[in-house]
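Please look at the sequence and the model before reading on.

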Amino acid sequence: MLDLSAAFDVIDHPILIKRMEYSCVISGTALSWLKSYLKTWTQRIAIGSVLSDDIRLLFGVPQGSVLGPKLYCIFSRPIGKICKRHNTSYHCYADDTQVYLVFKPLDNWTNISKRLEACVADISKWMCSNMLQLNEDKTELIVFSPKKTSEGHFKLESQFWWKRC
């Protein structure tokens, strides 16, 4: 499970627009509307009754909005390609990403862990080049394995490893 720091705050608008246009094939009125939405997004600070001037935001998408998670998913689409290149599966919703493998108890754990580590390393490199930061202290690997009970049934047992990337 990958944890990101301030993921919604650092989305680069020109990169996002290019991904919407070329990766998601959004064009015409829909693309113009989304560009306008991003171009007019502003922020200001209030201290008591005193308000600062509006500042146009060149980065980020609103986290509490309906569009924010969808825009983040568009921005982070290359993570899926990285996972496929490493023959791993993944689930994403906004900045919550899970990279996973299903394997049998007799499979070679060394090969599996190396594959996962290589995938996460490539994701981390991609994130760095796209102004995202993997929060290493909260990124974790969980292995669920069956354990036979005395009655011969399997019981699910989980093992947790905290790993710095």
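## After helix 1

Just after helix 1, V25 takes a positive phi of about 55°, helices here being DSSP runs of H or I of at least four residues and strands runs of E of at least two, both numbered from the N terminus. V25 is found in the loop between helix 1 and helix 2, and its positive phi occurs in a residue other than glycine. With a relative accessible area of 66%, V25 is exposed, where exposed stands for over 50% relative accessible area, buried for under 20% and partly exposed for what lies in between, calculated with a 1.4 Å probe on protein chains only.

The model is predicted, so local features need pLDDT of at least 70 and side-chain atom pairs count only at pLDDT 80 or more, whereas totals for chains, interfaces and linings use all residues. Residues are numbered from 1 along each chain as its sequence is written, and side-chain values use heavy atoms, with hydrogens and water left out.

## The chain as a whole

The chain has 5 helices and 10 strands, and 33% of its 165 residues count as buried. Among contacts between residues at least 6 apart in sequence, 57% join residues at least 24 apart, a contact being heavy atoms within 4.5 Å.

## Helix 1 and its surroundings

The N-terminal end of helix 1 is capped by D12, a side-chain oxygen of which lies 3.0 Å from the backbone nitrogen of I15. Within helix 1, the residues H13, L16, I17, R19 and M20 are buried. Seen down the helix axis, these buried residues fall within an arc of 160°, so they line one face of helix 1; the arc is that of the directions from the helix axis to the C-beta atoms. An α-helix has 3.6 residues a turn, so residues three or four places apart point the same way. The face turned away from the buried side of helix 1 carries the exposed residues K18 and Y22. Helix 2 (28-39), helix 3, helix 4 (78-85) and helix 5 (109-129) are included in what covers the buried residues of helix 1.

The axes of helix 1 (residues 13-23) and helix 3 (residues 67-75) come within 9 Å and cross at roughly 80°; axes are lines fitted to C-alpha atoms, for helices over the stretch in contact, and angles run from 0 to 180 degrees between N-to-C directions. Helix 1 and helix 3 are therefore roughly perpendicular to each other, a term for angles of 65 to 115 degrees. In this crossing, I15, L16, R19 and M20 of helix 1 meet L71, I74 and F75 of helix 3. The residues of this contact divide into 6 nonpolar, no polar and 1 charged, with Ala, Val, Leu, Ile, Met, Phe, Trp, Tyr, Cys and Pro counted as nonpolar, Asp, Glu, Lys and Arg as charged, and the others, Gly among them, as polar.

H13, in helix 1, is buried with a relative accessible area of 6%. Its side chain has two polar partners, tabulated here; a polar contact is a pair of N or O atoms within 3.5 Å, of which, within protein, one must be able to donate a hydrogen and the other to accept it, and residues adjacent in sequence count only if both atoms are side-chain atoms.

Leaving aside neighbours within four places in sequence, H13 is in contact with L38, W41, L57, L58, F59 and G60.

## Helix 4 and helix 5

In helix 4, P78, I79, G80, I82 and C83 are buried, and the buried residues of helix 4 pack against helix 1, helix 3, strand 6, strand 7 and helix 5. Helix 4 is followed by N87, whose phi is positive, near 55°. N87 sits in the loop between helix 4 and strand 6 (89-93) and, at 57% relative accessibility, counts as exposed.

C119 lies in helix 5 and is buried, with a relative accessible area of 0%. Not counting residues up to four places away in sequence, C119 touches I82, C83, H86, T88 and V99.

Conventions: Angles under 35 degrees count as roughly parallel, over 145 as roughly antiparallel, 65 to 115 as roughly perpendicular and the rest as oblique.
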